[in-house]
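Hello,

Here is the two-chain model we talked about. Please open it alongside this note; what I found follows below.

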Amino acid sequence: MSLIVIENVKKSYGNNAVLRGIDLEINAGEVIAIIGKSGSGKSTLLRCINGLETIDEGLISVGDVLLGRSERELRELRLRVGMIFQQFNLFPHLSVGRNVMISPIIVKGAKEQQAREIAQQNLTRVGLAEKFDSYPDQLSGGQQQRVAIARALSMQPKALLCDEITSALDPELVNEVLGVVRKLATEGMTLVMVTHEMRFAREVCDRVVFMHQGRVHEIGPPEEFFSKPKTPELQQFLGMVSV
Amino acid sequence: MSSFTIWDIVRNLLLALRWTVALSLLSFLLGGTLGLVLLFMRNSRYRILRDIIRVYIEVFQGTPLLMQLFLVFFGIALFGTEVSAWLAAGVALTLWSASFLAEIWRGCVDAIPRGQWEASACLAMNRFQQMRYIVLPQALRVAIPPTVGFGVQIIKGTAVTSIIGFVELSKAGTIITNATFQPFIVFGLVGLMYFVLCWPLSKYSQFLERKFNVAHRH
């Protein structure tokens with residue numbers, strides 16, 4: 001049974017149709033990479049899944065929750081889906097530990113001690129347990145992104161959305177973040193990632209989605225997707241990024 | 001005709017100065033509280049609420065404080081209730097400073113990057129929690145210097161309330177002048193007293209601005 005169901009989702013900004021009818025079903029535990037040129041709608045699709053963008057038409061559901069419009073419905077959905085951003089978006093006024101603890105405490109009503117334990121566990125998972133009392137601006141980009149992952153994990157989401165999470169990082173820091181994501185994948189976390197890391201997509205993902213002009217243009221398991229692309233658009237795209 | 005010493009003048013002005021300080025503090029505290037409420041409403045999800053607050057702010061910023069004072073003082077009297085000068089002054093200054101403080105703070109809230117709203121939304125916080133725990137603590141840092149600076153405007157604004165007969169520093173100056181016929185000395189002293197109140201605040205505001213610009217972290 002699918003965890004995330006996307007049905008005929010359409011969205012436009014004014015006259016500009018960004019998503020022209022997306023259908024996609026993602027199973028629990030699946031790792032999906034979304035690739036495509038800039039402007040193909042891949043980030044918008046990701047942001048629609050947890051309601052950061054509203055959709056004009058279609059349905060999105062995660063588990064038993066349907067994407068709604070009211071704040072309450074959105075929060076129900078967001079309790080099930082975490083998101084990690086290109087720009088990390090850590091809270092600069094809070095220590096690393098507090099960044100991870102705050103939402104379990106104020107949203108889920110966790111006790112201080114309990115939240116602290118969850119935060120410790122998740123920071124350990126991303127290899128940053130010793131940074132508990134540091135502030136975000138004392139960390140490298142890679143470390144900040146790993147804290148952002150720990151922060152999302154502490155809400156115990158069923159799926160994680162990753163929006164170009166290594167694009168703002170210096171090249172030597174990319175691998176430490178991808179390493180964490182790889183570990184999450186092997187632990188069975190459902191991941192939907194917009195990425196430019198083709199090699200990573202090839203090695204880790206179960207399916208790769210190629211978006212073109214607001215549609216899912218081609219989709220498949222990475223082996224045949226990368227070695228035998230069917231559509232000329234994907235062939236051209238892969239030729240450009242040279243895998 | 002009896003003569004007045006400088007000390008007589010100063011003593012009486014100082015007595016009236018208490019009311020200037022009291023009115024300023026009251027307007028700042030109440031205006032700040034109301035301004036915070038307006039700020040939340042200004043950032044509400046509901047458009048109608050946002051529009052109402054926008055109009056409120058534009059009206060109070062787009063008309064002279066003196067007019068607002070008259071409207072409160074004489075307007076309420078129209079309904080058959082006598083309003084004391086003290087109450088009218090307090091109400092008018094509170095409403096006036098709330099409109100400015102709400103707008104100053106809105107600018108500070110807008111200065112917080114969108115990513116902070118998005119990240120906190122993704123952690124399932126509601127709008128109030130986003131404001132309370134994520135946005136306001138960061139906006140506060142930016143807000144302190146202009147807020148202190150606006151405190152100076154409030155102190156000077158209290159002078160206007162002399163027109164409806166509220167005896168604060170300026171009104172006391174007028175009364176004493178009428179008795180002593182020494183306007184230059186009296187108003188010189190009045191000016192000096194305002195300056196002594198306002199100047200340290202202005203300096204403090206500038207100091208805070210520099211401090212927060214240099215150390216832009218925790």
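One definition to begin with: two residues are in contact if their C-beta atoms, placed from the backbone, lie within 7 Å. Keep in mind that this is a predicted model.

**Chain B**

Chain B has eight helices and zero strands. From the N terminus its elements read α-α-α-α-α-α-α-α. The C-alpha trace spans about 80 × 50 × 20 Å along its principal axes. Of its 218 residues, 35% count as buried. Take the contacts in chain B between residues at least 6 apart in sequence: 78% of them join residues at least 24 apart.

Look at helix α3 of chain B, residues 65-78. It has 14 residues. From first C-alpha to last it reaches 20 Å, close to the 20 Å expected at 1.5 Å a residue. Which residues of α3(B) are buried? They are B:Gln68, B:Leu69, B:Val72 and B:Phe73. An α-helix has 3.6 residues a turn, so residues three or four places apart point the same way. Just after α3(B) comes B:Gly80, with a positive phi of about 85°.

Residues 20-41 of chain B are 100% helix and 0% strand, with the end C-alpha atoms 31 Å apart. Residues 184-202 of chain B are also 100% helix and 0% strand. There the end C-alpha atoms lie 26 Å apart.

**Chain A**

Chain A contains nine helices and 10 strands. Its radius of gyration is 18 Å, close to the 18 Å that the globule rule gives for 243 residues, so chain A is as compact as a globular protein of that length. Its C-alpha atoms fill a box of roughly 55 × 40 × 35 Å, taken along the principal axes. Of the 243 residues, 47% count as buried. Among contacts in chain A between residues at least 6 apart in sequence, 64% join residues at least 24 apart.

One sheet of chain A is open and has four strands, in the order β2-β1-β4-β5, with antiparallel pairing. Its edge strands are β2 (16-27) and β5 (65-66), each of which pairs on one side only. Within the sheet, β1(A) (residues 2-13) and β4(A) (residues 57-62) run antiparallel and are joined by five bridges. There A:Glu7 has A:Leu59 of β4(A) as its bridge partner.

Then there is β6(A). Both of its faces are covered. A:Val81 and A:Met83 are buried on one side, A:Gly82 and A:Ile84 on the other. In a regular strand the side chains alternate between the two faces of the sheet. β6(A) pairs with β7(A) (residues 159-163) in the parallel sense, over four bridges. A:Met83 has A:Leu161 of β7(A) as its bridge partner.

A:Pro157 sits in the loop between α5 (141-153) and β7 of chain A. Why does A:Pro157 count as buried? Because it has 22 C-beta neighbours inside 10 Å, and the cut-off is 20 or more. Setting aside neighbours within four places in sequence, A:Pro157 is in contact with A:Arg80, A:Val81, A:Gly82 and A:Ala152. A:Pro157 and A:Met83 are 74 residues apart in sequence, yet 9.3 Å apart in space, C-alpha to C-alpha.

**Where the chains meet**

In the interface, 21 residues of chain A are in contact with 19 residues of chain B. On the chain A side, α2 (71-78), β6 (81-84) and α3 (96-106) each supply at least two residues. The residues of that side divide into 11 nonpolar, six polar and four charged.

B:Cys122 counts as buried because it has 25 C-beta neighbours inside 10 Å. Leaving aside neighbours within four places in sequence, B:Cys122 is in contact with A:Asn50, A:Arg78, A:Gly82 and A:Met83.

Best wishes

Technical notes:
Residues are numbered from 1 along each chain as its sequence is written. Chains are lettered from A and ligands numbered from 1 in the order in which they are written. This is a predicted model: local features need pLDDT of at least 70, side-chain atom pairs count only at pLDDT 80 or more; totals for chains, interfaces and linings use all residues. The expected span of a helix is 1.5 Å times one less than its number of residues. A residue is buried if 20 or more other C-beta atoms lie within 10 Å of its own, exposed if 12 or fewer, and partly exposed in between; C-beta atoms are placed from the backbone. Ala, Val, Leu, Ile, Met, Phe, Trp, Tyr, Cys and Pro count as nonpolar, Asp, Glu, Lys and Arg as charged, and the others, Gly among them, as polar. Two strands pair if DSSP finds at least two bridges between them. The radius of gyration is taken over C-alpha atoms; the globule rule is 2.2 Å times the number of residues to the power 0.38.
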